Amino acid sequence: MSYVKPAELVTTLIDAGETKIFLSTRDTIIRSTMGGALLTIAAAFAVTVSVTTGVPLLGAVLFPVGFIMLYLLGYDLLTGVFVLGPLAWMDKRPGVTIGGVLRNWGLVFVGNFIGAFTVAVLMAIVVTYGFSEAPNEVGVAIGHIGEGRTVGYADHGAAGMLTLFIRGVLCNWMVSTGVVMAMIAKDVPGKAIAMWMPIMLFFFMGFEHSIVNMFLFPSGLLLGAEFTIMDYLVWNEIPTVLGNLVGGLVFTAIPLYVTYARAKAPRNEAPRRPVEPRVSRRRGLARSVASSTASAPTAKV
């Protein structure tokens with residue numbers, strides 16, 4: 001498995017961020033829509049595995065397949081561009097502005113929501129036979145997730161909001177690390193293994209991912225869960241997005257940039273004097289006599 005050293009890795013991340021900021025609106029929307037769709041179909045898969053087997057860990061172990069597929073195809077997630085764009089801006093790449101970074105975030109958010117909501121509708125059709133029956137056990141489980149992660153936080157007031165925000169921070173610490181790990185290897189098996197670890201961790205720990213939630217909560221509403229759109233926005237999506245932003249910047253982007261990108265400047269060192277070879281005192285005396293003899297004038301006869 002090939003390995004890219006961190007200093008080289010950070011340059012690759014900065015290049016990727018610059019490319020995404022200058023990507024056309026059409027391509028950004030397409031890539032983020034497909035990224036949101038692939039990640040959320042994997043979330044539906046993980047919930048299905050957890051419910052049907054009764055082993056939540058197995059669902060978490062299998063969930064990263066969606067993340068791996070979308071990044072191998074070059075698609076985008078909001079949690080990833082929260083890191084890549086700011087790295088290009090911090091590196092002062094020509095033409096990269098705060099406005100360009102915010103534009104990229106906004107377009108990716110819209111695309112991710114389109115993809116996630118599309119999967120939510122399709123899965124709602126699947127688990128209800130086209131809305132002709134009550135949700136099956138997977139649909140009921142998705143509805144309960146939506147209730148627990150909205151009104152469940154609201155029941156705890158400010159402490160619930162703080163918990164929600166911190167779960168968002170921890171989530172994107174892991175997810176953005178997965179984005180970084182995708183570039184730490186050059187071959188497909190290496191990339192897959194490197195991405196797998198942090199993504200499995202975040203899913204099993206129940207951290208809050210804004211794009212996964214774009215699927216879970218609309219699905220819950222479509223399947224009759226007892227919470228409202230306002231509950232979803234105030235008690236999940238908005239605090240989760242903010243937590244994801246802070247987690248990606250504070251725990252991934254800034255540490256990598258400060259310790260590797262800024263450390264590449266050459267250090268000013270005083271030139272060293274050349275070291276003369278050491279010779280023995282006797283050999284040095286002999287060389288001195290020979291030199292003086294050679295330089296003395298020759299007597300004329």
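1. In this predicted model, the lining of the second largest pocket is made up of 9 nonpolar, 3 polar and 3 charged residues. The volume of the second largest pocket is about 250 Å³.

2. Which residues lie nearest the centre of the second largest pocket? They are Ala16, Lys20, Tyr71, Gly74 and Met183, out of 15 residues that line this pocket. Two elements, α1 (6-21) and α4 (64-72), each give two or more residues to the lining of the second largest pocket. The largest share comes from α1, with 4 residues.

3. The largest pocket has a volume of about 350 Å³. Its lining holds 19 residues, and those closest to the centre are Val47, Ser50, Ile145, Arg149 and Phe203.

4. Which elements give two or more residues to the lining of the largest pocket? They are α2 (25-53), α3 (56-62), α7 (137-148), α10 (188-204) and α11 (210-222). Among these, α2 gives the most, with 4 residues.

5. How does the lining of the largest pocket divide by class? There are 13 nonpolar residues, along with 4 polar and 2 charged ones. For the second largest pocket, the corresponding counts are 9 nonpolar, 3 polar and 3 charged.

Methods: Residues are numbered from 1 along each chain as its sequence is written. This is a predicted model: local features need pLDDT of at least 70, side-chain atom pairs count only at pLDDT 80 or more; totals for chains, interfaces and linings use all residues. Side-chain values use heavy atoms; hydrogens and water are left out. On a 1 Å grid over the protein atoms alone, a cavity is a set of points where a 1.4 Å probe fits but cannot get out, and a pocket is an open set with protein on both sides within 12 Å along at least five of seven lines; lining residues have an atom within 4 Å of a point. Grid points are joined across faces, edges and corners, and a volume is the space filled by probe spheres set on the points. Ala, Val, Leu, Ile, Met, Phe, Trp, Tyr, Cys and Pro count as nonpolar, Asp, Glu, Lys and Arg as charged, and the others, Gly among them, as polar.
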